[in-house]
Amino acid sequence: MTSNRHIAPTLLITLCLIGCSQQVELHHGLSEAEANTIALLLESQGIPTGKRAGSQSGQWIVEVASPHRIRALEALEERGLPRRSQEPPQEGLMGLIPTPSEQQEAHLLRLSARVERSLLTIDGVLDARVHLVLPSPPRTRPDAPVEAKASALIKHEPEVTLTPEQLAAFIAGAVPGLSPEQVHVITSPLTPKREVVALSQYGPWLVATESVQSLRLSLQLLVCLWFLLLVGLVVYQFKIRSSDEQPPQNRREGQHGAPSPDQRA
């Protein structure tokens with residue numbers, strides 16, 4: 001009976017530790033490069049991260065411990081990760097015989113996706129959205145705009161200096177017939193939602209680095225108290241067992257004392 005009482009708390013603590021360290025899926029269907037980028041970002045913020053191959057070839061899954069899932073999702077959202085697909089639209093999305101306007105729209109989407117991919121190669125650029133307006137042939141759309149225009153939204157790291165003039169010239173150089181003066185660029189530096197606190201892994205817990213020493217001392221004190229409690233329980237059980245094994249006559253003599261010589265006579 002006593003051993004069962006000792007096993008129950010130990011089993012409960014073990015189950016809690018297993019639950020705290022359980023890995024949950026964060027994102028799936030990633031390329032290996034995307035998985036490495038996400039893992040590197042989360043590890044730099046003190047979030048232990050793992051990755052494994054998915055069910056389909058070339059796809060990867062990123063996992064984190066269950067208690068860190070919300071913070072990991074917030075960190076990825078701030079950085080615009082994983083990046084949205086930059087793939088151009090498929091030709092099959094158009095009709096069997098595409099109209100000139102459909103062909104023009106598909107051309108603009110493909111060209112915009114290509115410019116966005118080029119912008120993402122710039123060091124410090126986190127996300128890019130580009131919208132192009134190019135003139136259509138007069139025979140297909142007489143009311144089409146005469147000159148090409150473009151607008152872009154660039155999200156970048158705060159320490160990176162990117163001027164709208166530089167970005168406008170970059171975009172104009174990638175689109176035939178587009179001049180930098182007709183490109184409107186808005187830059188948006190990343191603003192963290194909250195102050196980043198340095199974190200460290202201590203056992204199954206993720207705590208502030210400056211609190212690791214305090215946590216270690218607290219756990220050591222807790223272990224000492226638990227050890228003393230166990231010793232006290234063992235001594236108490238030993239005394240009870242010794243008392244139960246003592247013959248009744250000896251216990252009465254121990255309670256009333258040994259008989260005097262006169263009583264013996």
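Contact is defined here as heavy atoms within 4.5 Å. Axes are lines fitted to C-alpha atoms, for helices over the stretch in contact, and angles run from 0 to 180 degrees between N-to-C directions. Helices (H or I, at least four residues) and strands (E, at least two) are DSSP runs, numbered from the N terminus. The model is predicted: local features need pLDDT of at least 70, side-chain atom pairs count only at pLDDT 80 or more, and totals for chains, interfaces and linings use all residues. Residues are numbered from 1 along each chain as its sequence is written, and side-chain values use heavy atoms, with hydrogens and water left out.

Helix α3 (residues 69-79) lies across β1 and β3 and runs at about 30 degrees to β1. These strands belong to an open sheet of 3 strands, ordered β1-β3-β2 with antiparallel pairing (two strands pair if DSSP finds at least two bridges between them). Because β1 (23-30) and β2 (49-53) stand at the edges with a single partner strand each, one side of each has no neighbour in the sheet. From one strand to the next, the twist averages 25 degrees. Strand β3 (residues 60-65) is joined to β1 by 5 bridges; V24 has V64 as its bridge partner in β3. Helix α2 (residues 32-44) also packs on the sheet, touching β1, β2 and β3, and its direction makes about 165 degrees with that of β2.
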